[in-house]
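Biologist: I would like a close look at one part of this protein, after a quick word on the whole. Please keep it plain.

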Amino acid sequence: MSKQSRLLAIDASVLRSAGDKQGHSSHCAALLTAVLEICHRAAFSSEIKAEWDKHQSRFSVKWRAAMVARKKMIPLDMPAPQNSIMAQIRAHPGLSGVDRAALEKDAHMLAAAMASSHVIVTGDRILKTLTDGALGLPLEWLLVHQDDSATERQHLMERLLELSRNKPHPPLPV
């Protein structure tokens, strides 16, 4: 079966954590390596690039260079999608000021995911919780977190491969 490239929105939290050490750091590095090798691409806006530049690890610098060399870094024009998401955030009556500020801070990541393959790779579980609860955007979240078990990490890697095979997303837990 041929592979199909997906355009993924990858949060700076993953690039910051990726490295050669064991545990979470090596898992983030393995995930980014899988993105590169499987044939996925990375979506970025000027805001995402600025975050990557500020927070990237040594490993991430090399990963980005390899992605650029393979023409897998795709710039996005973000004003319309980001403005739409910002309007949704500001209009939502149930958000506290703190939650609203958190969502506004990461609206560019949500917009990048919506403007690409609707897949966001992040270590920010709070962003997922707030987005699912307040905005209900049709996103697939590939969460990489320090507390993940080996099984959860393996599932994430398998999902990256499934995405390249164009398999449907498994049912979400109720």
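Biologist: Of the 174 residues of the protein chain, what percentage count as buried? Then please zoom in on strand β1 (residues 7-10) and what covers its faces.

Modeller: The answer is 45%. Buried means under 20% relative accessible area, exposed means over 50%, and partly exposed lies in between (1.4 Å probe, protein chains only).

A word on the source. This is a predicted model, in which local features need pLDDT of at least 70, side-chain atom pairs count only at pLDDT 80 or more, and totals for chains, interfaces and linings use all residues. Residues are numbered from 1 along each chain as its sequence is written, and side-chain values use heavy atoms, leaving out hydrogens and water.

Now the whole chain. The protein chain has nine helices and five strands. These are DSSP runs numbered from the N terminus: helices are H or I with at least four residues, strands are E with at least two. Starting at the N terminus, the order is β-α-α-β-α-α-β-α-α-α-β-α-β-α. The C-alpha trace spans about 45 × 35 × 35 Å along its principal axes. Take contacts (heavy atoms within 4.5 Å). Among those between residues at least 6 apart in sequence, 67% join residues at least 24 apart.

Now your strand. β1 is covered on both faces. L7 and A9 lie on one side, L8 and I10 on the other, and all four are buried.

β1 also has strand partners. Two strands pair if DSSP finds at least two bridges between them. One partner is β2 (residues 41-44), which runs parallel to β1 and is joined to it by three bridges. There, L8 stands opposite A42. Another partner is β4 (residues 119-122), also parallel to β1, with two bridges. Here I10 has V121 as its bridge partner.

The loop between α7 (107-115) and β4 holds H118. H118 is not a glycine, yet its phi is positive, near 65°. H118 counts as partly exposed because its relative accessibility is 26%.

Now compare another loop residue. K71 sits in the loop between α4 (58-69) and β3 (73-75). K71 also has a positive phi without being a glycine, at about 60°. With 69% relative accessibility, K71 therefore counts as exposed.

Then find A42 opposite L8, and V121 bridged to I10.
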